[in-house]
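Welcome! Have a look at the sequence and the 3D view, and then we can walk through some details together.

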Amino acid sequence: MSKINLGIIGAGYIANEHLKVLNEIDTVHVKGLASRTYSRAKQLAKIYNIEKTYVNIDSLINECELDGIMILVSVDQIFDVTNKLIPLKIPLFIEKPAGLNPSETKKLATKADNFGTKNMVGYNRRYYSIFEKGMDIIKSSGKLLGVQIEGHERLWKIPKNKFSKKVKENWIYANSTHTIDLLRFFGGEIKSSYSLNKSINETNGDQFTSSIEFKSGTLGTYISNWFSPGGWSVKLYGEGVSVLFSPLEKGVWTNSDFEKFDILPDKRDTVFKPGFFAQAESFIDLIINGSLEYPGQNLEGAHKTMLVAKGIKS
């Protein structure tokens, strides 16, 4: 195909970040954009020269011949929109989280499998260039011995009415899977884990710690406190070397003499939202070749991450 025709659903902040990338890929043509916030859709269409805008999804899919669709709506809409579109059998890019709990994500994964709908879930941090470089540094010295991830949230800073009760009650799935997924990314699949949680405010917990053994033999730790000033970070322990990402977009590695060296991102991870360009390329490859290559995650992989989150909160 000479041009890949994409449809975009959603016109918020994250849609704009994706469109910045798509606008730079010659093989992509964004044919139509649909959003309930039609005025915002018109603004984005003007910025990125999108020929058609729609106020609803049905008009988009009925009037545009599409090779792929990107679902970039708000957290509480993703499941319903994805569930609606899977039967069309058009390749889907689905922003995370695909569901607000493991059962919703499993339902989508099963439905996509039944219809044969190719799909990808947007865990963009898997595509950080500094993560790839950090893992190469670890592997050049030997095995990955340990993974330590801190995924602290900032619930006290979230406006009271910004999210629905369902989203807040499932925050570990709605937002914390950003960092929980990195357990699987760096360590692989989990062999066993032991988790503890407490709560000072949230019904389903807001303080979590988990000790993990991966099938590879690597050991891991996940810590998350939602009402303590912190942030997101990853530390990798290798043989004679360690790598720290704190914040996640900044990397430093240390050798056995305790000398420290910066890990610099690729240019496109500084120009665009980190990971987004490589992620977009992966989705395009999925459309063309019909298969999703590592480190991409489809709905089945997203469900595995949801189950890890469930284990942490249990």
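## A predicted model

Please keep in mind that this is a predicted model.

## Helix H12

Let us begin with helix H12, which covers residues 299-313. How far apart are its end C-alpha atoms? They are 21 Å apart, and this agrees with the span of 21 Å that its 15 residues should have at 1.5 Å a residue.

Which residues of H12 are buried? They are Leu 299, Gly 301, Ala 302, His 303, Thr 305, Met 306, Val 308, Ala 309 and Ile 312. A handy piece of background is that an α-helix has 3.6 residues a turn, so residues three or four places apart point the same way.

## Two pairs of packed helices

Two packed helices are described by the angle between their axes and the distance between the axes. For helix H5 (residues 102-115) and H12, the angle is about 160° and the axes are 9 Å apart. Angles over 145 degrees count as roughly antiparallel, so H5 and H12 are roughly antiparallel to each other. The crossing of H5 past H12 is left-handed. On the H5 side, the contact includes Pro 102, Leu 108 and Ala 112, and on the H12 side the residues include Leu 299, His 303, Met 306 and Lys 310.

The second pair is helix H1 (residues 13-22) with helix H11 (residues 276-289), packed at an angle of about 75° with axes 9 Å apart. H1 is therefore roughly perpendicular to H11. In this pair, Ile 14, Glu 17, His 18, Val 21 and Leu 22 of H1 make contact with Phe 276, Phe 277, Gln 279 and Ala 280 of H11.

## Two buried residues

Is Asp 269 buried or exposed? This residue of helix H10 (residues 268-271) has 10% relative accessibility, so Asp 269 counts as buried. A polar atom of the Asp 269 side chain lies 2.9 Å from the backbone nitrogen of Gly 275. Setting aside neighbours within four places in sequence, Asp 269 is in contact with Tyr 127, Tyr 128, Ser 129, Pro 274 and Gly 275.

Next comes Ser 195, in strand S8 (residues 190-198). Its relative accessibility is 14%, so Ser 195 counts as buried too. The side chains of Ser 195 and Ser 210 make a polar contact at 2.7 Å, and a polar atom of the Ser 195 side chain lies 3.4 Å from the backbone oxygen of Gly 311.

## Backbone details in the loops

Two cis peptide bonds deserve a look. One runs from Ser 246 to Pro 247, with omega near -5°, and Pro 247 sits in the loop between strand S12 (241-245) and strand S13 (251-255). Another joins Tyr 294 and Pro 295, with omega about 10°, and Pro 295 belongs to the loop between H11 and H12.

Now for phi. Lys 89 has a phi near 65°, which is positive in a residue other than glycine. Lys 89 lies in the loop between helix H4 (78-85) and strand S5 (92-94), and is exposed, with a relative accessible area of 53%. Phe 258 is not a glycine either, yet has a positive phi of about 65°. The place of Phe 258 is the loop between S13 and strand S14 (260-263), and at 70% relative accessibility Phe 258 counts as exposed.

Note on methods:
Residues are numbered from 1 along each chain as its sequence is written. This is a predicted model: local features need pLDDT of at least 70, side-chain atom pairs count only at pLDDT 80 or more; totals for chains, interfaces and linings use all residues. Side-chain values use heavy atoms; hydrogens and water are left out. Helices (H or I, at least four residues) and strands (E, at least two) are DSSP runs, numbered from the N terminus. The expected span of a helix is 1.5 Å times one less than its number of residues. Buried means under 20% relative accessible area, exposed over 50%, partly exposed in between (1.4 Å probe, protein chains only). Axes are lines fitted to C-alpha atoms, for helices over the stretch in contact, and angles run from 0 to 180 degrees between N-to-C directions. Angles under 35 degrees count as roughly parallel, over 145 as roughly antiparallel, 65 to 115 as roughly perpendicular and the rest as oblique. A crossing is left-handed if the near helix is turned anticlockwise from the far one by less than a right angle, and right-handed if clockwise. Contact means heavy atoms within 4.5 Å. A polar contact is a pair of N or O atoms within 3.5 Å; within protein, one must be able to donate a hydrogen and the other to accept it, and residues adjacent in sequence count only if both atoms are side-chain atoms.
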